[in-house]
Amino acid sequence: MGSCVSIESATAAAQSKKIDQNIKAEQRQAKFQQTVKMLLLGAGETGKSTILKQFKLIYGTGYTEEERIGYKTAILANVVTCAKALVYAMDSLKIPYGFEPPPLKETASGAFGSAFRSHASLNQPEKESGDTGSVRSLNEGKELGRVAKSAEEAYYAAGGENRQSGPSPKAAQVIRGCEMSFCFGIDESVPEEVIESIKTVWQDSGIQYCYSRANEFQLFDCCAYFLNDLDRITDPKYIPTDSDILNSRVMTTTITETKIKIQHVLFRVFDVGGQRTERKKWVPYFDDVDAIIYMVAISSYDQVLVEDNATNRLEEAMTLFSSICNHPIFASTAIIIFMNKIDIFKTKLKTVPITKYFPKFKGPNNVDKGSAFFASQFLALNANAKRKIYVHFTWATDTKQIKKVLATVYQIITSSNLKGAGM
Ligand SMILES: Nc1nc2c(ncn2[C@@H]2O[C@H](COP(=O)(O)OP(=O)(O)OP(=O)(O)O)[C@@H](O)[C@H]2O)c(=O)[nH]1
Ligand SMILES: [Mg+2]
């Protein structure tokens, strides 16, 4: 009996040891299969959905041919929307078709000649410029005003909205009359006449000058990317590339959750709509958030919101950031700011002085000073001095750059240093 007991207790002990081992293994497994709830937050058009696409491209299986074809409609809709925006802006800004802006008077910096960007150069981020901008801003502002005035005079002399003649005004008429209904059927394409009309106006010097003033109206950032490549994207056999998908613009109106496994961590990534009306939908997703990527379009310093056509986009981004980063519910959430659209920012700095929109900025108007200034403006909004907020300067449509950035983000989120960083 005694031996029986001892055998039983030995068995029980062995079983209990096994259970303990299993529990430990499960615990290890649980630790190993860490889940991270991540929100992509930020105002509208800052690049949240673009980053989500990058997650899928870099860590997922990418896009199938069927999914790619699904983007065709959105891309063609982008093309027509951009063409319409330009054509309407020609009348609101009072620019005649064929307008050739007179060369700007040179300053000591000799940089005026570059004030009007040509569409051919707009797809590529340019090399960092020197200290152009702050010194010339005042004179250049006057010069640009003079050119705008001469455009307006020429506009009225040419017959204004309804009486301009020639191929471009005729093409503009076709674009104005184009219905967006083709957008709803995947197999339908944009009528040939509309495509030809878009090509005609995009070549027009007046439209190009109008494009150089795009901050004065609402125009998608992907405008030049697609309008420079119309032959390719309107080919019946066209299948969107990764880059085309990344550059396409579809406003988010439904919050989505995407699960992405990176090594042993399962990321639950939530992409939200950033425009004001969309933000009402955010709150139910605020519980138990491990990390937030807060997107800022640093290039939007000279633009106003789509929602009210009045508020500076970066001012809005700062107000929103302040409410997010100081919200008690996010007290222990890792916050990483992506100062995005750095490619557009670099190009814009050559012609648009930051001081004109943010007089606090003391220049010089270059990438280093400009990006450091805006980063510091955001970081200063954090009321908890002990908390570390991470900042990255990003180009969301560039997979190579984002791959590196996301690898660093992964390290930040999974590293134990987070605890020491006020989390
Ligand atoms: N050139 C350039 N374009 C970018 C960059 N990031 C995003 N875009 C473009 O900007 C547009 C808006 O990007 P989205 O990702 O749709 O912006 P969002 O934040 O999801 O906008 P909402 O859904 O309205 O909140 C798209 O056409 C993108 O291709 C960037 O770093 N550089
Ligand atoms: Mg979106």
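Two residues are in contact if their C-beta atoms, placed from the backbone, lie within 7 Å. The model is predicted: local features need pLDDT of at least 70, side-chain atom pairs count only at pLDDT 80 or more, and totals for chains, interfaces and linings use all residues. Residues are numbered from 1 along each chain as its sequence is written, and chains are lettered from A and ligands numbered from 1 in the order in which they are written.

View 1. Helices are DSSP runs of H or I with at least four residues, and strands are runs of E with at least two, numbered from the N terminus. Ser-49 touches Thr-252 and Asp-271, leaving aside residues up to four places away in sequence. With 23 other C-beta atoms within 10 Å, Ser-49 is buried (20 or more count as buried, 12 or fewer as exposed, and in between as partly exposed; C-beta atoms are placed from the backbone).

**View 2. Thr-252 in the loop between α10 (242–247) and β2 (256–262).** Thr-252 is partly exposed, with 17 other C-beta atoms within 10 Å. Its contacts, not counting residues up to four places away in sequence, include Asp-271, Val-272 and Glu-278.

**View 3. The shell around ligand 1, with 27 residues.** A residue belongs here if its C-beta atom, placed from the backbone, lies within 6 Å of the molecule. The closest are Gly-47, Arg-249, Thr-252, Gly-274 and Ala-396. Helix α2 gives the most, with 3 residues. Domain 1 (35–62 + 252–416) and domain 2 (65–247) both contribute, so ligand 1 lies between them; the bounds come from an automatic or database domain assignment.
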